[in-house]
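Please keep the sequence and the model in view while reading.

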Amino acid sequence: MDNSTNKMKIVMLVGSLRRQSLNRQLAEEAGKLLEDEAECTIFTPAGIPLFDQDTEFPAPEQIETIRQAIRQSDGVWIFSPEYNGAIPGGLKNLLDWLSRPLFENDPDWKDTAVWGKKATISGIGGNNATRSVQDALITLLHFMGMDVMTEDRAMIAMSPETMKTSDLSKTENVQKALRTQADAFMKFIEK
Ligand SMILES: Cc1cc2nc3c(=O)[nH]c(=O)nc-3n(C[C@H](O)[C@H](O)[C@H](O)COP(=O)(O)O)c2cc1C
């Protein structure tokens with residue numbers, strides 16, 4: 001919570017690098033819906049080096065920035081497409097970085113930016129509506145010690161028109177699904 005504005009702070013991680021990413025558009029819509037309640041910051045895996053245990057300390061600047069934003073946040077909201085029924089490589093790589101301790105030789109392996117953080121997941125994709133990637137993310141985030149809201153997740157199958165144009169507004173009921181999830185996530189964070 002930002003005490004100066006009484007707004008929550010939400011970090012949004014988007015699993016797609018694509019310029020016209022529908023999942024990024026979904027994150028931006030959620031940010032607009034939360035405008036009065038939360039300050040949302042979007043990050044993508046763009047430019048993040050492949051995780052390598054030999055060179056993880058000091059972490060790259062981008063990772064430090066995302067870790068700091070998450071530590072100061074009230075929750076993390078992931079928006080991801082499904083790649084071959086699984087987590088896109090760039091997002092998995094980013095989450096592997098976030099799962100690691102903040103300091104070298106830290107004896108407390110729970111001393112990460114994400115341990116205990118509240119999290120939720122949304123996604124837009126093909127007919128499977130990102131069901132498989134969301135299941136995989138729930139398992140992964142639990143493994144990373146995150147407190148995951150498993151109810152009320154937006155799982156959206158894009159309309160044929162959206163598939164052709166990459167225009168999120170051509171798919172129905174997006175706002176409704178995001179509103180439900182945003183309200184539920186605010187309550188989940190407060191409880
Ligand atoms: C490598 C790759 C694999 C994909 N695999 C799936 C899949 O398993 N299930 C699915 O619904 N859509 C799949 N898609 C289609 C994506 O859902 C679609 O491209 C979506 O728009 C990607 O999200 P974005 O718009 O946020 O980039 C795949 C796309 C790519 C590029």
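## Basis of the description

Helices (H or I, at least four residues) and strands (E, at least two) are taken as DSSP runs and numbered from the N terminus. The model is a predicted one, in which local features need pLDDT of at least 70 and side-chain atom pairs count only at pLDDT 80 or more, while totals for chains, interfaces and linings use all residues. Residues are numbered from 1 along each chain as its sequence is written, and side-chain values rest on heavy atoms, with hydrogens and water left out.

## Backbone features in the loops

Most residues other than glycine have a negative phi, and most peptide bonds are trans. Ala 129, in the loop between S4 and H4, has a positive phi of about 55 degrees although it is not a glycine. With a relative accessible area of 6%, Ala 129 is buried, where buried means under 20% relative accessible area, exposed over 50%, and partly exposed in between (1.4 Å probe, protein chains only). Asn 105, found in the loop between H3 and S4, also has a positive phi, near 60 degrees, but Asn 105 counts as exposed because its relative accessibility is 74%.

A further backbone feature is the peptide bond from Phe 57 to Pro 58, which is cis, with omega near -5 degrees. Pro 58 is placed in the loop between S2 and H2.

Glu 56 lies in the loop between strand S2 (38–43) and helix H2 (61–71), and it counts as buried because its relative accessibility is 4%. The Glu 56 side chain makes a polar contact of 2.6 Å with the side chain of Arg 100; a polar contact is a pair of N or O atoms within 3.5 Å, and within protein one must be able to donate a hydrogen and the other to accept it, while residues adjacent in sequence count only if both atoms are side-chain atoms. Not counting residues up to four places away in sequence, Glu 56 touches Phe 51, Trp 97 and Arg 100, contact meaning heavy atoms within 4.5 Å.

In H3, the residues Leu 91, Asn 93, Leu 94, Leu 95, Trp 97 and Leu 98 are buried. The buried residues of this helix pack against strand S1 (8–14), H2, strand S3 (75–79) and helix H4 (131–143).

The lining of the largest pocket includes Leu 95, Asp 96, Ser 99, Arg 100 and Trp 109, and H3 and H4 each supply at least two of its residues.

## Salt bridges

By the rule given above, the count comes to eight salt bridges. The side chains of Glu 37 and Arg 179 meet in one of them (3.5 Å, N to O), and this pair links distant parts of the chain, with Glu 37 in the loop between H1 and S2 and Arg 179 in helix H6 (residues 174–190), 142 residues apart. Arg 179 also forms a salt bridge with Asp 183, the closest N and O atoms being 3.0 Å apart. Salt bridges that share partners join Glu 37, Arg 179 and Asp 183 into one network.

Asp 147 forms a salt bridge with Lys 118, with the closest N and O atoms 3.1 Å apart. Asp 147 lies in strand S5 (residues 147–148) and Lys 118 in strand S4, so this pair ties together parts that are 29 residues apart in sequence. Lys 118 is buried, with a relative accessible area of 14%, whereas Asp 147 counts as partly exposed at 31% relative accessibility.

How values were computed: 1 Å grid on protein atoms, 1.4 Å probe; cavity = no way out; pocket = protein on both sides within 12 Å on 5 of 7 lines; lining within 4 Å. Salt bridge = Lys/Arg side-chain N within 4 Å of Asp/Glu carboxyl O.
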